[in-house]
Amino acid sequence: MNRSNETSPMLGFVLLGLSAHPKLEKTFFVLILLMYLVILLGNGVLILVTILDSRLDTPMYFFLGNLSFLDICYTTSSVPLILDSFLTPRKTISLSACVVQMFFSFAMGATECVLLSMMAFDRYVAICNPLRYPVVMSKAAYVPMAVGSWAAGITNSVVQTSLAMRLPFCGDNVINHFTCEILAVLKLACADISINVISMVVANMIFLALPVLFIFVSYIFIIATILRIPSTERRRKAFSTCSAHLTVVIVFYGTILFMYGKPKSKDPLGADKQDLADTLISLFYGVVTPMLNPVIYSLRNKDVKAAVRNLVAQKHLTE
């Protein structure tokens with residue numbers, strides 16, 4: 001393609017978002033703002049209790065603290081800019097902000113996939129090999145597991161973001177999305193994106209397919225072990241120790257499958273409605289899942305609820 005028809009991304013991008021539906025912007029501003037505040041409060045409290053309460057000084061809650069910190073980072077990289085776009089007529093984003101969004105999106109998404117698989121392994125050892133649990137899941141083991149999850153996710157993000165930003169872009173650099181979602185950005189490229197597609201397929205196999213398979217196999221052994229427990233009360237207690245994690249896994253991967261696995265409409269008259277629906281689903285995926293994680297763990301876990309009550313009681317005593 002002629003270089004004169006190419007546009008440098010140095011000028012930034014235009015994010016359409018809900019530009020075609022201005023009446024919805026104010027409503028969604030309030031809704032997303034409330035959800036973002038819940039994310040900050042819920043995940044912030046979970047991080048505090050996992051640090052301050054000695055009873056939660058275990059591998060599972062260490063991973064949970066990492067998951068909460070990840071959710072705060074992920075939403076903070078995009079939600080404030082989304083909220084700003086609802087209030088301003090010009091939906092522009094600078095190149096640097098776009099790169100930051102893509103980087104955090106990939107890094108946090110990949111890291112969460114690996115963290116969820118590490119949490120599944122923790123539950124497998126706790127239920128299937130309880131006598132060896134203190135040895136297998138010692139601090140010398142679970143800290144490197146978490147660090148490795150972050151390192152893998154960040155490495156993947158550096159690769160994907162670097163490949164995307166090396167591409168030349170065409171036209172007005174208009175992205176039909178709320179954020180710099182990489183698939184939407186790649187559609188603007190003037191060059192061959194086969195390398196990007198191949199790298200993303202490989203990344204999806206490593207960070208989506210393999211963790212899902214690992215979690216699935218882990219829970220097959222977990223469920224088989226629980227079913228062999230003779231006492232109904234012990235079976236219920238054993239399952240309750242992993243029910244919150246299993247719920248988070250179902251919500252996280254179920255939303256991804258719904259977003260990318262549902263069939264596309266072949267009716268051209270419904271294309272605009274489908275595009276709007278896809279955009280809103282993507283928006284809510286970025287905020288609903290991080291908001292649900294602390295809710296699920298606090299409602300399904302007596303230790304977390306007790307730690308939160310103690311934290312509130314200590315705050316009242318100091319006032």
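# Reading a helical model

Trainee: Which residues does UniProt list for "transmembrane region"?

Mentor: The unreviewed UniProt entry lists 28-49, 61-83, 95-121, 141-159, 205-227, 239-260 and 280-299. UniProt positions follow the numbering used here, feature names are shortened, and annotations may be inferred rather than shown by experiment. This is a predicted model, where local features need pLDDT of at least 70, side-chain atom pairs count only at pLDDT 80 or more, and totals for chains, interfaces and linings use all residues. Residues are numbered from 1 along each chain as its sequence is written, and side-chain values use heavy atoms, with hydrogens and water left out.

Trainee: How many helices and strands does the protein chain have?

Mentor: Start with the definition. Helices (H or I, at least four residues) and strands (E, at least two) are DSSP runs, numbered from the N terminus. The protein chain has eleven helices and five strands. Residues 95-121 are 100% helix and 0% strand, with end C-alpha atoms 39 Å apart. Residues 141-159 are also 100% helix and 0% strand, and their end C-alpha atoms lie 27 Å apart.

Trainee: What span does helix α8 reach from its first C-alpha to its last?

Mentor: Compare it with the expected span, which is 1.5 Å times one less than the number of residues. Helix α8 covers residues 194-227, 34 residues in total. It reaches 48 Å, close to the 50 Å expected.

Trainee: Where is the kink in α8 centred?

Mentor: The bend at a residue is the angle between axes fitted to the seven residues ending there and the seven starting there. In α8 a kink of about 30 degrees is centred on M205.

Trainee: Which residues of α8 are buried?

Mentor: Cut-offs come before the list. Buried means under 20% relative accessible area, exposed over 50%, and partly exposed in between (1.4 Å probe, protein chains only). An α-helix has 3.6 residues a turn, so residues three or four places apart point the same way. In α8 the buried residues include N196, S199, M200, A203, F207, P211, I215, S218, Y219 and I222. Over the protein chain, 45% of the 319 residues count as buried.

Trainee: How many aromatic pairs does the structure hold?

Mentor: Rings of Phe, Tyr and Trp (its six-membered ring) pair if their centres lie within 6.5 Å. Planes under 30 degrees apart count as stacked, over 60 as edge-to-face and the rest as tilted. The structure holds eight such pairs. One of them joins F62 and Y142, tilted, at 5.2 Å centre to centre and 55 degrees between the planes. F62 lies in helix α2 (residues 59-76) and Y142 in helix α6 (residues 139-165), so the pair ties together parts 80 residues apart in sequence. F62 is partly exposed at 30% relative accessibility, whereas Y142 is buried at 6%.

F69 and W150 also form a tilted pair, 5.9 Å centre to centre, with 50 degrees between the planes. F69 is in α2 and W150 in α6, so this pair ties together parts 81 residues apart in sequence. F69 counts as partly exposed, at 44%; W150 is buried, at 15%. Elsewhere, ring pairs link F121, Y124, F214 and F221 into a cluster.

Trainee: Which residues touch the most other members in the largest nonpolar core?

Mentor: A nonpolar core is a set of buried Ala, Val, Leu, Ile, Met, Phe, Trp, Tyr and Cys residues joined through side-chain atoms within 4.5 Å. The largest one has 49 residues, and F63 and L116 touch the most other members. Helix α4 gives the largest share of this core, twelve residues. Apart from it lies another core of 20 residues, among them F169, C180, I182 and A189.

Trainee: Which residues is T111 in contact with?

Mentor: Contact means heavy atoms within 4.5 Å. T111 sits in helix α4 and is buried, with a relative accessible area of 0%. Leaving aside neighbours within four places in sequence, T111 contacts L70, S149, W150, G153 and I154. By the same exclusion, S68 touches N43, L46 and I47. S68 belongs to helix α2 and is buried at 2%.

Trainee: Where is D53 placed, and is it buried or exposed?

Mentor: D53 is in the loop between α1 and α2. It is buried, with a relative accessible area of 13%. The C-alpha atoms of D53 and A307 are separated by 6.3 Å, although the two residues are 254 apart along the chain.
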